[in-house]
Amino acid sequence: MTIKSMNNWGMNLPENAPIIIAGPCSAETEEQTIASCVGAQKAGAHILRAGIWKPRTSPGSFEGIGEEALVWLRKAKKETGLPTTIEVASAQNVYTALSYGVDILWIGARTTVNPFVVQEIADALKGKDIPVLVKNPINPDVKLWVGAIKRLQNAGLTRIAAIHRGFDTLAQKNIYRNPPNWGLVSEFKKHLPGISIINDPSHIAGKRELLYTVAKKALDLNADGLMIESHISPDQAWSDPAQQLTPNELKHLLETLLKKNTASHVSDSGTELNSWRSEIDLLDNALIDLLAQRKEIVGNISEFKKENNLSIVQFERWKEMILTRLDSGNKQGLNQELVEGIFDAIHQDSVRFQREKQASSNINESSSGNAG
Ligand code: PEP
Ligand code: MN
């Protein structure tokens with residue numbers, strides 16, 4: 001059976017504009033759930049989201065209110081007239097969600113990784129006519145993502161879409177909580193052409209300052225919509241406080257993002273500029289962290305050279321180092337003078353640091369010698 005794209009789900013979703021799903025990471029209290037959902041609607045959401053059961057990485061984190069919160073979400077649906085979506089992580093969750101009139105279910109990243117649980121959910125959905133969104137698995141495995149969707153298809157569902165929420169990788173430090181690996185989305189689309197893809201910049205970025213650039217990139221790459229976490233008072237949120245937006249911030253973000261095609265619009269609000277500046281701040285801090293790590297290793301090298309009577313400056317090593325850095329910089333399109341200047345400065349400082357370290361250990365050795 002073919003998968004229907006979201007604007008053919010018969011839910012009044014926009015045809016020529018991104019579909020916006022918004023609402024709190026978790027339903028916490030009745031007041032917070034309803035206020036966050038009404039705020040999301042005013043900001044431009046077409047579907048409301050809220051976490052009811054939260055599969056958390058560590059025990060002791062807030063694990064969701066459970067069934068009671070479905071009553072609150074049903075009220076939010078009544079008040080806004082918008083469809084609702086929640087995460088389900090077991091067959092029992094599916095039955096409970098359906099009994100409260102939830103309109104769309106989603107399978108979370110920690111569930112998509114497990115074919116047994118996905119199959120259990122698919123079995124529970126057999127013969128039911130409800131749309132399901134499938135988040136990518138935590139690990140960068142496209143086949144697992146595709147496999148989860150195929151299990152739902154095999155259960156007879158046709159209203160299925162994917163959510164791209166980024167991947168947890170062991171790769172080096174990254175400014176994002178879950179780096180997007182955009183290439184994996186293209187690979188995914190090759191397996192399931194025609195499926196709608198909703199980008200979740202909140203779980204990719206992990207920080208509200210970075211939402212704009214992630215969401216913009218997703219829309220530039222033709223994402224069909226966005227799922228964004230929004231909370232009436234994000235700093236007090238019981239889960240994911242750093243990445244949630246107030247309803248006003250969400251409104252502002254959506255206006256800035258969606259106005260992108262209106263001729264040479266320059267954002268008066270600075271959303272765009274602020275988001276880029278935050279990325280630059282994080283990247284510069286990462287550079288400083290790397291320099292500090294490098295300095296620690298230089299310290300070990302200095303001791304090794306002293307113990308083995310090696311000279312501090314070794315011309316061959318220096319030449320090889322600068323040439324390989326120039327080559328890497330060149331491949332990435334960086335200005336040669338910049339790369340040369342940076343590594344020259346780093347090398348000079350490294351030599352100075354090694355000299356100082358050896359000189360101070362000489363003084364210590366001779367003073368301890370005198371004392372003895
Ligand atoms: C969520 O959407 O609140 C959530 C827990 O997301 P993920 O499954 O992507 O971590
Ligand atoms: Mn969350």
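Are Cys25 and His203 buried or exposed? Both Cys25 and His203 are buried, where buried means under 20% relative accessible area, exposed means over 50% and partly exposed lies in between (1.4 Å probe, protein chains only). A few notes before the tour: this is a predicted model, in which local features need pLDDT of at least 70 and side-chain atom pairs count only at pLDDT 80 or more, while totals for chains, interfaces and linings use all residues. Residues are numbered from 1 along each chain as its sequence is written, chains are lettered from A and ligands numbered from 1 in the order in which they are written, and side-chain values use heavy atoms, with hydrogens and water left out.

Cys25, in the loop between strand E1 (19-23) and helix H1 (30-43), and His203, in helix H8 (residues 201-205), link distant parts of the chain, 178 residues apart. Helices (H or I, at least four residues) and strands (E, at least two) are DSSP runs, numbered from the N terminus.

**Two helix pairs**

Next come two places where helices pack. Axes are lines fitted to C-alpha atoms, for helices over the stretch in contact, and angles run from 0 to 180 degrees between N-to-C directions.

| Helix pair | Angle | Axis distance |
|---|---|---|
| H6 (residues 142-154) and H7 (residues 182-191) | about 40° | 10 Å |
| H1 and H2 | roughly 30° | within 9 Å |

H6 passes H7 in a right-handed crossing, and H1 passes H2 in a right-handed crossing too. A crossing is right-handed if the near helix is turned clockwise from the far one by less than a right angle, and left-handed if anticlockwise.

On the H6 side, Val142, Trp145, Val146 and Ile149 make the contact with Leu184, Glu187, Phe188 and His191 of H7; contact means heavy atoms within 4.5 Å. By class, this contact of H6 with H7 has six nonpolar, one polar and one charged residues. For these classes, Ala, Val, Leu, Ile, Met, Phe, Trp, Tyr, Cys and Pro count as nonpolar, Asp, Glu, Lys and Arg as charged, and the others, Gly among them, as polar.

In the other pair, Glu30, Thr33, Ile34, Cys37, Val38 and Gln41 of H1 meet Trp72, Leu73, Lys75, Ala76, Glu79 and Thr80 of H2. The contact of H1 with H2 has six nonpolar, three polar and three charged residues.

**An enclosed helix**

Helix H9 (residues 211-220) is largely enclosed by the rest of the structure, because seven of its 10 residues are buried. The cover over these buried residues includes H7, strand E7 (197-199), H8, strand E8 (225-229), helix H10 (247-258) and H11. Just after H9, Asn222 takes a positive phi of about 70°.

Ser302 sits in helix H11 (residues 271-307) and counts as buried because its relative accessibility is 2%. Leaving out residues up to four places away in sequence, Ser302 touches Gln354, Lys357 and Gln358. Ser61, found in the loop between strand E2 (47-49) and helix H2 (68-80), has 27% relative accessibility and so counts as partly exposed.
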